[in-house]
Amino acid sequence: MKKELEDTQVALEASHKVIAGLIEIGLSMSKRIEKMKVKRQLAKANHVECHQKFQARIHEAEDSMQAQHLLIETLVDEKDSLLQTIHGLQEANNAPAPFDGDWEEEPEEEPEEEEIEDIPLGEGEIDDE
């Protein structure tokens, strides 16, 4: 009976050691899980921040594109107005329309140098030399 008691005590001690080891493993895993949760929350917060920054950039780009579109429309309207004014002035002055679609700028010709003829002395010219 004493032998059985000793065997039971040894088995009980072994069980306590196993339980203590399992508790230590459980605590270690709990710490890791908490660290992973913190990392996940930080990653999620970072993702949200990046998403908001990209959304802001997209919004800025859209606003810029809209402003450029309005500017282009204004410039096209101004060009049309100027062309109408030019056309009206040309009609008033009976001038040909330079913007008829076939109009091309003519290349500038270099003026030719006039040759000076040598006039022989003695034919009515005065020589001051």
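Which residues gather in a patch of positive charge on the surface? Select Lys-31, Arg-32, Lys-35 and Lys-39, and you have that patch.

**Before you go on**

This is a predicted model, where local features need pLDDT of at least 70, side-chain atom pairs count only at pLDDT 80 or more, and totals for chains, interfaces and linings use all residues. Residues are numbered from 1 along each chain as its sequence is written, and side-chain values use heavy atoms, with hydrogens and water left out.

**Stop 1: the whole chain**

Show the chain as a cartoon. Its secondary structure comes to one helix and zero strands. Helices (H or I, at least four residues) and strands (E, at least two) are DSSP runs, numbered from the N terminus. Accessible areas come from the Shrake-Rupley method with a 1.4 Å probe; for residues, only the protein chains shown count as cover. Of the 129 residues, 2% count as buried. Buried means under 20% relative accessible area, exposed over 50%, and partly exposed in between (1.4 Å probe, protein chains only).

**Stop 2: helix H1**

Select residues 2-92. This is helix H1, with 91 residues. From its first C-alpha to its last it reaches 133 Å, close to the 135 Å expected at 1.5 Å a residue. The expected span is 1.5 Å times one less than the number of residues. Asn-94 takes a positive phi of about 50 degrees.

**Stop 3: the positive patch**

Lys and Arg count as positive, Asp and Glu as negative; His and the chain ends are not counted. The place of a charge is taken as NZ of Lys, CZ of Arg, CG of Asp or CD of Glu. Patches are made of residues with over 30% relative accessible area and no salt bridge: like charges are joined within 9 Å, nonpolar side chains (Val, Leu, Ile, Met, Phe, Trp, Tyr) within 5 Å. Pick out Lys-35, which is found in H1. Lys-35 counts as exposed because its relative accessibility is 60%.

**Stop 4: the nonpolar patch**

Select Val-18, Leu-22, Ile-25, Met-29 and Ile-33. They form a nonpolar patch on the surface, with about 480 Å² of accessible area together. Ile-33 also has its place in helix H1. At 43% relative accessibility, Ile-33 is partly exposed.

**Stop 5: salt bridges**

How many salt bridges does the structure hold? There are four. A salt bridge is a side-chain nitrogen of Lys or Arg within 4 Å of a carboxyl oxygen of Asp or Glu. Visit three of them here.

- Select Lys-3 and Asp-7. Their closest N and O atoms are 3.7 Å apart. Both residues lie in H1, four residues apart, about one turn of the helix. Lys-3 is exposed at 56%, whereas Asp-7 is partly exposed at 40%.
- Select Glu-49 and Lys-53. Their side chains meet at 3.4 Å, N to O. This pair also lies in H1, four residues apart, about one turn of the helix. Glu-49 is partly exposed at 40%, and Lys-53 is partly exposed at 47%.
- Select Lys-79 and Asp-80. Here the N to O distance is 3.9 Å. Asp-80 is partly exposed at 34%, and Lys-79 is partly exposed at 46%.
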